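I opened this notebook to record what I looked up in one protein model. The entries follow the order in which I consulted it.

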Amino acid sequence: MKLVERLSFEQAKLSVESIQEGEGSEKNLYMNGVFIQGDVKNQNSRVYPINEIATAVKSLQEKIVKGFSVLGEADHPDDLTVNLDRVSHMVTEMGMKGSDGVGKLKILPTPMGNIVKTLLESGVKLGVSSRGSGNVGDNGKVSDFEIVTVDIVAQPSAPEAYPKPIYEALHNMQGADVLTKLAEATMHDRRAQKHLQKHIIGFIKELNK
């Protein structure tokens with residue numbers, strides 16, 4: 001079955017850093033933190049044993065080392081398939097820290113990635129959410145766990161609040177069509193990126209109302 005576990009910015013202990021990876025190159029934005037918690041009952045009443053998380057994390061890290069691109073989206077789709085038009089980042093590292101699975105995300109210069117980048121640089125606290133599969137027993141313990149990817153989600157205002165999807169928010173707000181077209185244009189036009197940033201600032205203000 002599909003398993004989705006969301007963590008807020010604070011729960012994931014996320015940090016955002018900008019790194020220049022080559023002389024004269026632009027800085028890349030990364031998010032680091034806890035991607036999935038182990039040995040605790042989460043808000044979905046599920047418990048991920050340490051051995052299950054460790055095995056899943058090791059498997060994903062081995063794929064990354066072998067050159068497999070683990071892509072993630074801005075918010076979740078309805079299934080385990082990664083939609084290329086909504087990709088915002090890639091998972092570059094996975095490992096264990098105590099009972100938790102921790103990792104690192106690199107924000108990509110895609111339309112959704114540019115939106116996430118501007119939100120982060122403007123001080124918006126975004127969370128993360130693991131997306132995977134497994135079986136859940138009567139006691140809530142997860143077995144046969146496999147991590148498909150880690151997505152970026154909007155920060156809920158309270159622990160029980162369902163995060164407002166970034167993608168849906170774009171289409172439900174006034175002027176969203178302009179913002180979406182600008183996002184698509186940023187792939188090829190640096191001037192469009194500046195206009196995008198201006199419009200996203202307005203989007204942030206609406207998001208925080």
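**Entry 1. A pair of facing residues**

I began with Lys-97, which stands opposite Asp-100 in β6. I took strands (E, at least two residues) and helices (H or I, at least four residues) as DSSP runs, numbered from the N terminus. Strand β5 covers residues 87-97 and strand β6 covers residues 100-107; I found 8 bridges between them, in the antiparallel sense. I treated two strands as paired if DSSP finds at least two bridges between them.

I noted the basis of the model before going further. The model is predicted, so local features need pLDDT of at least 70 and side-chain atom pairs count only at pLDDT 80 or more, while totals for chains, interfaces and linings use all residues. Residues are numbered from 1 along each chain as its sequence is written, and side-chain values use heavy atoms, with hydrogens and water left out.

**Entry 2. The open sheet**

In what order do the strands of the open sheet stand? I read the order as β2-β3-β6-β5-β4, 5 strands with antiparallel pairing. The edges are β2 (15-20) and β4 (70-73); each has a single partner strand, so one side of each is left without a neighbour in the sheet. From one strand to the next, the twist averages 35 degrees. For angles, I used axes that are lines fitted to C-alpha atoms, for helices over the stretch in contact; the angles run from 0 to 180 degrees between N-to-C directions.

**Entry 3. Asn-28**

I looked up Asn-28, which lies in strand β3. Is Asn-28 buried, partly exposed or exposed? I used relative accessible area with a 1.4 Å probe and protein chains only: buried is under 20%, exposed is over 50%, and partly exposed is in between. Asn-28 has 21% relative accessibility, so it counts as partly exposed. Ser-18 is 10 residues from Asn-28 along the chain, yet their C-alpha atoms are separated by 5.5 Å. Leaving out residues up to four places away in sequence, I listed the residues that Asn-28 touches: Glu-17, Ser-18, Ile-19, Glu-21 and Lys-106.

**Entry 4. The loop between β3 and α1**

I found Asn-42 in the loop between β3 and α1. Its relative accessible area is 18%, so Asn-42 is buried. A polar atom of the Asn-42 side chain lies 2.9 Å from the backbone nitrogen of Asn-44. Apart from neighbours within four places in sequence, Asn-42 is in contact with Glu-5 and Tyr-48.

Ser-45 lies in this loop between β3 and α1 as well. I recorded a positive phi of about 60 degrees for Ser-45, although it is not a glycine. Ser-45 is partly exposed, with a relative accessible area of 44%.

**Entry 5. Strand β7 and its partners**

Why is strand β7 described as largely enclosed? I found that 8 of its 10 residues (127-136) are buried, so the rest of the structure largely encloses β7. Strand β1 (residues 2-7) runs antiparallel to β7, and 6 bridges join them. Strand β8 (residues 142-153) pairs with β7 over 9 bridges, in the antiparallel sense. Arg-131 in β7 stands opposite Val-4, and Arg-131 also stands opposite Thr-149 in β8.

The hairpin of β7 and β8 has 5 residues between the strands, and Gly-140 there takes a positive phi near 85 degrees. I also looked up Asp-144, which lies in strand β8. Asp-144 is a residue other than glycine with a positive phi, near 50 degrees. Its relative accessible area is 56%, so Asp-144 is exposed.

**Entry 6. The whole protein**

The protein has 5 helices and 8 strands, and along the sequence they follow the pattern β-β-β-α-β-β-β-α-β-β-α-α-α. Of the 209 residues, 46% count as buried. Among contacts with a separation of 6 or more, 62% join residues 24 or more positions apart.

Note on methods
Contact means heavy atoms within 4.5 Å. A polar contact is a pair of N or O atoms within 3.5 Å; within protein, one must be able to donate a hydrogen and the other to accept it, and residues adjacent in sequence count only if both atoms are side-chain atoms.
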